[in-house]
Amino acid sequence: MRTIEQTTQEVLDLATKHFQLPAGSLAPGDDFFKKLGIDSLQTLELLSRLENHFSIELPDYEVQGVSDFKTLAERIQSRL
Amino acid sequence: MLDLSQYQSVGEALREALERFSNEVCLIEADREREKERLTYIEFKKRALPLAKALQETGFSEGDRASIIMTNQSKWLISAYAIFFCGGVLVPLDYKLTPDEQWQLIKHSGATLLVTEYPIWRQLSISAGRSAAANVKAVLITEAPANADLAGARRWEEFCGAGEPTFIPRKRSDTASIVYSSGTGGRPKGCMMTHENYLEQCVALTSIYPFWPGVRYLSILPTNHAIDFMVGFFGPFTCGAAVVHLRTLRPEYVREAFPKYKITYVSLVPLVLKNLQKGLQARFDALPAGKRKVFNALVAVNKALTKSQPRLSLSRLLLKQVHEAFGGELLAIIVGGAFTEPQTLQFFYDLGIPVANGYGLTEAGTAITVNDLRPFRADAVGKPLPGMEVRILNPAADGVGEVAVRSKTVMSGYLNDPELTAETIVDGWLMTGDLGKFDETGHLQLRGRKKNMIVTEEGKNIYPEDIEKVFESLPVKEFCVFAANYIWPKRSMTGEQLVLVLHLDQEQKYGEELQRDVNARNQRLLNYKRVHGVILLDEDFPRTASLKIKRNELAARLAKLDSATAIRQL
C-alpha cells in the first residue's frame, strides 16, 4: 500500500510527464488549472491517465471542485 | 407535444407531461459502461412528489428561491420539478465555479434552499464564503457516503414527505428562475426569467427542431446553462422525449453513448465541437491513400446532394461508418454558448451531420436566431425564431449595427439591479451589445461586439470588471481591464482577448519587478480569464464624481493608440 506522500509524488510525476514539463516543476499545493493552463477537457485526459496508472476508477463528480494536486492525491488515496 | 399556450407555468406544463407521457422513458443515466437509472415519466413523478411534499413540510412555498448546484444527472431534474411544483423559483448555478463564487451568487439570489452533490458540498461547506450566505436555511445533498460528515446538510435520498403535496399555481408573468449570465467577483447579473419566457421559447425552438416520444437527447452542457435547461429538460419533457445523462464526460465514454443510446440530438459548446472535428480529421487523415480517395469522393457527392437541404437518409447511406459512430440516428448537433467558426460548421455539414447553429443570450431566453438548414449556411447564425422581433440599430454604411430584440422570451430584468435593467432593456427592446447585420436572405451575420466583454470557445462570458480584483493593490497609480475589441472594434467574434491598462506613477518604469507582479497575478486567474497584454497610458483615467472610472471615455482615448504597438504581450 502506497503512503499519501508516495501517491502525491506519483501524481506529480505523471502530470509532469503528461504535460511535458521539466522535472520538479510541480508542487503538491499547485493549482493544476492555473499552473498548467489547461482546460476542462485536458483535465479529463489527465484523470484517465491517473486511473490507468493507479488502476482505480475516479468518478468525475468525485473530483469536482478539486484543483490542486494534493487534494487530487487524497481522493486517489481513498480509492486505493 | 403539449399545447403550451394552455399552461401558465413551467411546473404546470411539466405536471401535465408526467401524466400525458406516463409510460414513455424520460431519463436514462449512465456511469461509464453501466446504466444506473432508467425512468419513465410516471416513475419520475413518483420520485419528485415525496421531495415536493417534504419541501412543503419545511415551509418552502410560493416565490421561495432554491439553488441547484449539481452535475447533469436525474436528481437535478427531479429536484427542479419539485421546486416548480411548490411554486418555487429555481436558481441554477454553475458547478464549475469556485465555492466562494457559488456562495456569493447564492447570497445574491436570496435562496433559502440549496440542493447539491456530496463532493461539491464537501468543498462548499468548508469555504469561507459560507458564513456570508445566511439566507440558506436548508441544504440537501445527494449521494453522500454512509459515514460522511454532512456538515449540517440533509440527505436528499431520505428527504421524503408522506402523502400528496399541493401543487402551487404560478402566473405566466411570475419569475420561474434566476439565471446568472455572469458576475462572479463583480456585479452579479441574475437574469429573472418568467414562466412565459420558457413557455414561449419552447414553442419557438421546437417548431424548428422538434422532439417527440422516442427522441433521445444527450445532455452534456451543464443543465444550469440556459440551452441545456431548454433542450435538455423542458423541451424534451413537454414532448415526451428522453434525456440521457452521463456521469462522466471522458471523451471515450461520450463517444460510446452515441451508438449505445441511439442519440437524436446533442448540444455542445464550440470548443468541444472543434475537438470532435480534430479527432475525426485525424482519423480521416490516417486512412490508407486508396480509402482516403474513395472517402473524399463520397464526401464530395454528399456535399453536392445536400446543397439545398439536409438529406439524412442519403448521407447515412453514403457515409455509413461516420454516421454509425454517431449512432446512426443523430438529427443534429446543437451548438451554442459562443460563436462557432464557419469552417467547423461546414466540416460537419459536409459529412451529412447538420449543426444547428444559432445566436442567443440568457437575457433573451436562450435562442434568438437559429439556422433552419434550408439551406444550410455556415457564414450566418440563422433567421429569427418565430415570435422574435430583431432590429439592427444605428446601422453603419455596411449595414452593421447593434442587434436589439423584442420578444415574449426576453427576461423581466436583472435581480436587484434596476439601473442595469434600464440600460439593457430600452422601450421593451433588449440591447444585446452584439453587432450584426441581416443579409439579403434574412440571415443574421454577427460582426463583433459593442459591449466590453469576451466570450470564450467554452461559452464562458468574461467581463473585465470581474477579473480586476486580482490586480487590486498592484503598485501602480491606476489600472483598468478591457476587452481589446471594445477599444479597437474588430468585426469578428473569435480570438477575443483582454488587456490590462496601466497608468504608472511619476518616474515609475514598467520594469522587471512590476512585470513579474503582473504575471504572477495573471497566473492566479483561470486560464480563460487571463489578460493577454498590457497597455501603458501616461495620463489620468477619466473618472466620475464618485471616482468610478469612465470606461467609455477611457476606451475612446485608448482607441487613438495603434493597437499593434500599444499592446505589450504577456
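Residues are numbered from 1 along each chain as its sequence is written, while chains are lettered from A and ligands numbered from 1 in the order in which they are written. Because the model is predicted, local features need pLDDT of at least 70 and side-chain atom pairs count only at pLDDT 80 or more, whereas totals for chains, interfaces and linings use all residues.

**Figure 1. Chain B as a whole.**
Chain B holds 19 helices and 28 strands. Helices (H or I, at least four residues) and strands (E, at least two) are DSSP runs, numbered from the N terminus. The radius of gyration of chain B is 25 Å, close to the 25 Å of the globule rule for 570 residues, so chain B is as compact as a globular protein of that length. That radius is taken over C-alpha atoms, and the rule is 2.2 Å times the number of residues to the power 0.38. Along its principal axes, the C-alpha trace of chain B spans about 75 × 65 × 50 Å. Of its 570 residues, 48% count as buried. A residue is buried if 20 or more other C-beta atoms lie within 10 Å of its own, exposed if 12 or fewer, and partly exposed in between, with C-beta atoms placed from the backbone. The mean pLDDT of chain B is 93, and 99% of its residues reach 70 or more. pLDDT is the predictor's confidence in each residue, from 0 to 100. The model scores ipTM 0.73 and pTM 0.86.

**Figure 2. Domain 1 of chain B against domain 2 of chain B.**
The domain assignment of chain B gives domain 1 (4–261), domain 2 (269–449) and domain 3 (463–569). These bounds come from an automatic or database domain assignment. The C-alpha centres of domain 1 and domain 2 of chain B lie 27 Å apart. Here 28 residues of domain 1 of chain B are in contact with 28 residues of domain 2 of chain B. Contact requires C-beta atoms, placed from the backbone, within 7 Å of each other. On the domain 1 side, strand 8, strand 9 (189–194), helix 6 (195–208), helix 7 (226–237) and helix 8 (251–261) of chain B each supply at least two residues. Helix 6 of chain B gives the most to this side, with 8 residues. By class, the side has 16 nonpolar, 9 polar and 3 charged residues. Ala, Val, Leu, Ile, Met, Phe, Trp, Tyr, Cys and Pro count as nonpolar, Asp, Glu, Lys and Arg as charged, and the others, Gly among them, as polar.

**Figure 3. Around B:Ser182.**
B:Ser182 sits in strand 8 (residues 175–182) of chain B. With 19 other C-beta atoms within 10 Å, B:Ser182 is partly exposed. Leaving aside its neighbours within four places in sequence, B:Ser182 is in contact with B:Lys189, B:Asn461, B:Tyr463 and B:Asp466. B:Glu196 is 14 residues from B:Ser182 along the chain, and their C-alpha atoms are separated by 23 Å.

**Figure 4. The sheet of 9 strands in chain B.**
An open sheet of chain B runs in the order 2-1-11-10-12-13-14-15-16, with mixed pairing. Two strands pair if DSSP finds at least two bridges between them. The edge strands are strand 2 (34–40) and strand 16 (383–384) of chain B, each pairing on one side only. Strand 13 (residues 332–335) and strand 14 (residues 355–361) of chain B pair in the parallel sense over 3 bridges. B:Ile333 stands opposite B:Val355 in strand 14 of chain B.

**Figure 5. The sheet of 4 strands in chain B.**
This open sheet has the order 25-26-27-28, and its pairing is mixed. Strand 25 (478–483) and strand 28 (568–569) of chain B are the edge strands. Strand 26 (residues 498–503) and strand 27 (residues 533–536) of chain B run parallel, joined by 4 bridges. Opposite B:Leu500 stands B:Val534 in strand 27 of chain B.

Chain A has 4 helices and 0 strands. The radius of gyration of chain A is 11 Å, close to the 12 Å that the globule rule gives for 80 residues, so chain A is as compact as a globular protein of that length. Of these 80 residues, 22% count as buried. Between the chains, 13 residues of chain A are in contact with 17 residues of chain B. Helix 2 (32–36) and helix 3 (40–54) of chain A each supply at least two residues of the chain A side. Helix 3 of chain A gives the most to that side, with 3 residues.

Definitions and conventions
Contact = placed C-beta atoms within 7 Å.
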